[in-house]
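Subject: Structure handover

Hello,

Please find the structure below, with notes on what was found in it.

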Amino acid sequence: MRFLLTGVRGVGKTSTARLLAKALNCIGPDGQGGPTINPCGVCEPCVGIAEGRHIDVIEMDAASHTGVDDMRAVIDASRMTAFVARYKIYIIDEVHMLSKNAFNALLKTLEEPAEGVKFVLATTEVNKVPVTVLSRCQRFDLRRIPADLLAEHFARVVAAEGVEAEPEALGLIARAAEGSARDGLSILDQAIAHADMDGGAVSAGAVRDMLGLSDRGAIRDLMTLLLSGDGIGALAALRRQYDLGVDPLGVLRGLLETVHATTLVKLGAAQEAGQATEEREALLGWASSLSFAALHRLWQLLLKGHDEVARAAMPIEACEMALLRLVHASTLPDPGDLARMISNGVPLGTPSPAPAAPAALPAAAPEAVVTDQDMPRSISQIVALLEGAGELALASRVVHHASIVSLDGSDLVLSSARPISPDLVAELAVTLKRVTGRGWKVTTAPTPGAPTVREAEAAQREAFKAEILAVPVIAAALEAFPDAEVPETEIDRLLAAKRSVTA
């Protein structure tokens with residue numbers, strides 16, 4: 001029987017090989033047991049294998065025994081049966097390091113091993129193992145350990161060691177380990193040593209400093225500046241990180257991770273282990289305001305910038321240019337919006353003088369004319385006007401992203417304190433002009449505005465729900481039956497009925 005275990009460093013290949021050796025040689029506490037998937041761990045073979053001293057379980061490092069002579073010694077020894085155990089087991093670690101001649105010498109023995117001899121091969125680079133060897137082995141691919149499982153494991157470790165650690169710090173270590181338990185434990189050990197010197201717990205800030213990671217709050221601030229088109233502010237934020245010793249590549253990696261995490265949140269993926277509340281809220285905000293097309297464009301621009309900075313002679317300057325490219329790209333619409341803007345007649349630059357229309361042709365009349373009395377006086381009325389004109393997609397974007405600062409006739413000011421797409425502003429001005437028959441001036445101001453329509457509706461619903469739950473009969477029922485609850489669908493039905501009566 002020949003096994004081949006593959007996987008990245010530190011996922012347990014050698015440990016699994018030892019478990020296989022135990023399972024094959026276990027005799028049970030009473031000495032009468034046979035091969036089992038649950039080795040007892042107390043019999044002599046199990047204890048000897050765990051301590052690495054069993055005479056019939058031979059561990060060999062192929063990295064330091066690469067030649068054909070080393071394999072010849074293994075082949076000669078494998079002809080003899082086990083001394084005391086049920087099976088003689090050879091564990092060959094990093095088997096891909098063997099030379100071509102050594103592999104060829106081992107082939108016949110792998111194909112027809114002696115009775116009672118088993119081989120367990122382990123490698124991190126299975127692509128370097130010859131196909132002739134792969135075809136003679138049962139292959140098992142050990143997956144990377146998920147970050148949430150690593151974080152839970154590290155929490156048990158620090159609890160056993162009597163060390164206090166922040167969940168966010170353990171999450172950072174788990175992500176830095178990249179699926180390797182051994183690497184993660186090494187980082188955790190280093191973090192505990194730093195905490196001992198500081199006389200405190202393992203904190204997220206200390207782990208970031210130790211790993212050379214850019215501060216997540218600084219990355220969020222930088223991301224906000226980039227999305228708002230503030231080039232000067234973005235460069236200043238980058239220089240602050242650089243002056244603190246953060247590598248420009250680390251900043252770009254942080255931005256790439258942020259874009260990736262925002263995309264996952266937009267898809268509805270589960271929250272990552274150790275993720276801070278502030279970061280989660282920021283990701284939710286970006287996920288609601290950015291389209292998938294915009295996120296993919298940000299990812300490609302950041303990835304290109306990362307590659308440029310990695311090979312640049314002046315990394316910080318190359319990083320600044322990459323961020324400026326991102327700032328200017330954030331003001332551009334995606335191809336779908338661009339096509340829609342062109343079809344709606346939105347100017348995409350300085351227009352060239354148009355030829356004069358023939359005198360015999362009358363000027364085109366607007367599609368609709370709205371009187372002064374019917375002009376919208378709130379963002380909700382603007383949404384209703386757009387929906388009535390069939391502009392459902394634009395109305396939905398206004399509902400979710402438009403925070404109004406002021407509305408005076410056809411002069412609309414929206415807040416840019418939160419990310420808002422410039423093409424939404426331009427498209428809104430053109431569409432309102434077409435719908436109302438009047439010229440609209442739609443601008444932005446960096447001051448906080450009123451809640452969006454969606455936020456106002458959510459607040460109204462929460463207030464109505466609190467009002468329902470405060471009704472004496474319902475409050476008494478919920479107090480008598482703590483596990484009972486008012487269905488959300490019923491809340492929505494009652495709220496809809498109230499709105500219809502009010503209307």
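Leaving out residues up to four places away in sequence, A169 touches V202, S203, A204 and V207, where contact means heavy atoms within 4.5 Å. The model is predicted, so local features need pLDDT of at least 70 and side-chain atom pairs count only at pLDDT 80 or more, while totals for chains, interfaces and linings use all residues. Residues are numbered from 1 along each chain as its sequence is written, and side-chain values use heavy atoms, with hydrogens and water left out.

A169 is found in helix α7 (residues 167-177); helices (H or I, at least four residues) and strands (E, at least two) are DSSP runs, numbered from the N terminus. A169 is buried at a relative accessible area of 0%, with buried meaning under 20%, exposed over 50% and partly exposed in between (1.4 Å probe, protein chains only). From A169 to L188 the C-alpha distance is 9.3 Å, at a separation of 19 residues in sequence.

S403 lies in the loop between α18 (392-401) and β6 (404-408). S403 is also buried, at 1% relative accessibility. Its contacts, neighbours within four places in sequence left aside, are V413, L414, S415, R418, G449, A450 and T452.

Aromatic pairs

Rings of Phe, Tyr and Trp (its six-membered ring) pair if their centres lie within 6.5 Å; planes under 30 degrees apart count as stacked, over 60 as edge-to-face and the rest as tilted. The count by this rule is two aromatic pairs. F3 and F140 have ring centres 6.2 Å apart and planes at 40°, so this pair is tilted. The pair links distant parts of the chain, with F3 in strand β1 (residues 2-6) and F140 in strand β5 (residues 138-141), 137 residues apart. F3 is buried at 8% relative accessible area, whereas F140 is partly exposed at 39%.

Y90 and F119 form a stacked pair, 5.4 Å centre to centre with 15° between the planes. This pair also links distant parts of the chain: Y90 is in strand β3 (residues 88-93) and F119 in strand β4 (residues 117-123), 29 residues apart. Y90 is buried at 5% relative accessible area, and F119 is buried at 0%.

The charged end of K266 sits over the ring of F292, 5.4 Å from its centre. The rule here is NZ of Lys or CZ of Arg within 6 Å of the ring centre and within 35 degrees of the ring normal.

Helix α11

Helix α11 (residues 231-243) has 13 residues and spans 18 Å from its first C-alpha to its last, close to the expected 18 Å, which is 1.5 Å times one less than the number of residues. Buried residues of α11 include G231, G233 and A234. At the start of α11, a side-chain oxygen of D230 reaches to within 2.9 Å of the backbone nitrogen of G233. G245 follows α11 and has a positive phi, near 100°.

Cysteines

How many disulfides are there, taking a pair of cysteine sulfur atoms within 2.5 Å as the rule? The count is zero. The closest cysteine sulfur to that of C40 is in C43, at 3.5 Å, too far for a bond. C40 is partly exposed, at 28% relative accessibility. C46 is in no disulfide either, the nearest cysteine sulfur being that of C43, 3.4 Å away. C46 is buried, with a relative accessible area of 1%.

Regards

How values were computed: Polar contact = N/O pair within 3.5 Å; in protein donor to acceptor, adjacent residues only side chain to side chain. Disulfide = S-S within 2.5 Å.
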